[in-house]
Amino acid sequence: MSDAPTLNRHQASWQRALRGVRARIEPLPVSRASGRVVRATGMVIEVVGLQVALGNACRIELPDAQGRPGRRHAEAEVVGFDGERLFLMPLAEISGLRPGARVLPLGDGAGDAARRFPLGQALLGRVVDGNGQPLDGRGPLDEAPRAPLATPPLNPLSRAPISEQIDVGIRAINALLSVGRGQRMGLFAGSGVGKSVLLGMMARYTRADVIVVGLIGERGREVQDFIDNILGPDGRQRAVVVAAPADTSPLQRLQGAAYATRLAEGFRDEGKNVLLIMDSLTRYAMAQREIALAIGEPPATKGYPPSVFAKLPSLVERAGNAERGGGSITAFYTVLTEGDDQQDPIADSARAILDGHVVLSRALAEAGHYPAIDIEASISRAMTAISDKPQLDLARRFKGLFSRYQRNRDLISVGAYHPGHDPELDEAVRRYPALEGFLQQDIAECADLEASRQALAGALGGTS
């Protein structure tokens with residue numbers, strides 16, 4: 001028979017265990033609301049019995065392989081509602097969904113605020129998906145600090161002005177399309193003209209503390225190729241890659257773009273200078289189009305609903321400089337032009353909200369001219385504020401001569417050009433090989449700011 005001290009010890013141990021169980025149970029609600037699936041068409045799942053906010057995450061209970069309910073779960077997000085019906089869209093493909101499946105809200109119903117994503121230094125060198133889950137097999141990110149995706153917008157009057165040129169390592173951009181720290185540039189191109197390789201060169205050569213790469217809606221093969229061959233080991237060490245390829249749901253693609261921007265904001269808030277590369281802004285718009293059309297929003301311009309054109313500036317405006325003395329986000333967004341049409345609605349909208357654009361020409365790419373930058377169609381809106389007068393004069397002189405040659409190219413090709421009648425054209429013809437050589441750059445070649453300026457002066461024979 002046990003003595004009294006032993007019984008007292010057992011009693012104290014039981015009481016401690018009960019107190020621990022009580023502490024875990026007390027915060028739980030007495031009841032929990034749930035809804036049920038009443039309809040599923042295409043990508044949209046209709047649910048009744050729940051009242052949660054737009055953007056809130058929900059969990060749908062699914063049966064296991066033996067048909068037992070509630071053994072598997074799928075996460076979905078509220079994307080709209082109609083009366084008492086909620087429209088949910090799953091974050092991944094769902095199998096085994098049945099009528100009447102139970103749906104539970106996640107978090108406190110406060111939308112994105114209930115969903116927190118890993119941020120900070122722990123993500124450098126890592127590859128994650130749109131949910132912040134590692135894709136590189138290098139272990140979880142449990143120790144990383146977490147925060148919601150949504151952030152309050154910065155007061156435009158408190159942002160530091162764009163006043164300092166950033167070195168991107170591309171001769172034509174450094175000298176003729178100067179980019180400022182905190183500027184947001186578009187890279188406009190059709191498919192297969194070298195935009196991904198150009199982005200990789202910028203990622204390796206740009207003077208930035210941190211690089212955040214968002215690969216949104218791209219082919220899965222291109223994700224691996226960009227990381228291994230284009231970004232390279234050196235670029236990857238100071239980079240975070242967020243991959244939401246084309247086979248993921250449109251919600252994942254939207255979330256991947258927002259998460260990449262949120263990562264950049266986190267590093268900027270630490271006072272770092274960040275390079276944000278988003279490939280591509282068009283796939284982001286297409287993902288929003290899929291969602292909007294699925295929940296019944298009417299199409300407008302070329303099949304794009306109005307919400308698409310509201311989403312684009314809300315994403316792009318999050319990049320840029322912080323307050324004076326803080327960090328910065330210099331952003332490059334690729335924009336796919338369908339059939340090389342520069343008047344594509346997404347291209348036209350992006351051109352209006354960005355601080356400049358670099359246009360890649362298919363004709364130049366097919367002629368072996370790399371990088372295939374159409375210097376006449378490209379512009380940097382911040383160049384006059386960040387470049388000195390000698391460089392601006394040289395850039396203006398370069399573009400004038402290059403444009404004069406291009407306008408007379410057909411006459412020169414058929415032998416109708418005769419020197420001596422137009423001194424400006426004579427100089428353009430004489431200097432054209434040097435001008436064309438200046439615009440070309442090998443993938444492995446890095447041209448810093450000073451070297452770019454010297455090369456520009458050399459192509460013009462030292463004139464200004």
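Val78 stands opposite Leu88 in strand 5. This is a predicted model. Strand 5 covers residues 85–90. Strand 4, residues 72–82, runs antiparallel to strand 5, and six bridges join the two.

Strand 4 and strand 5 form a hairpin with two residues between the strands. Gly83 in this hairpin takes a positive phi near 65 degrees.

Strand 5 also pairs with strand 2, residues 44–48. These two strands run antiparallel as well, joined by three bridges. Here Val47 has Leu86 of strand 5 as its bridge partner.

## Covering of strand 5

Is strand 5 mostly covered or mostly open? Strand 5 is mostly covered. Five of its six residues are buried. In a regular strand, side chains alternate between the two faces of the sheet.

## Helix 7 against helix 8

Helix 7 spans residues 306–316, and helix 8 spans residues 345–353. They pack at an angle of about 35 degrees. Their axes lie 10 Å apart. The crossing of helix 7 past helix 8 is right-handed.

Which residues make the contact? Helix 7 supplies Val308, Phe309, Leu312, Pro313 and Val316. Helix 8 supplies Pro345, Ile346, Ser349 and Ile353. Eight of the contact residues are nonpolar and one is polar. None is charged.

Methods
Residues numbered from 1 in each chain as written. Predicted model: local features only at pLDDT ≥ 70, side-chain atom pairs only at ≥ 80, totals over all residues. Heavy atoms only, no water. Axes fitted to C-alpha atoms, helices over the stretch in contact; angles between N-to-C directions. Helix = DSSP H or I, 4+ residues; strand = E, 2+ residues; numbered from the N terminus. Left-handed = near helix turned anticlockwise from the far one by under 90°. Contact = heavy atoms within 4.5 Å. Nonpolar A, V, L, I, M, F, W, Y, C, P; charged D, E, K, R; others polar. Buried < 20%, exposed > 50% of the residue type's maximum accessible area, 1.4 Å probe, protein only. Pairing = 2+ DSSP bridges.
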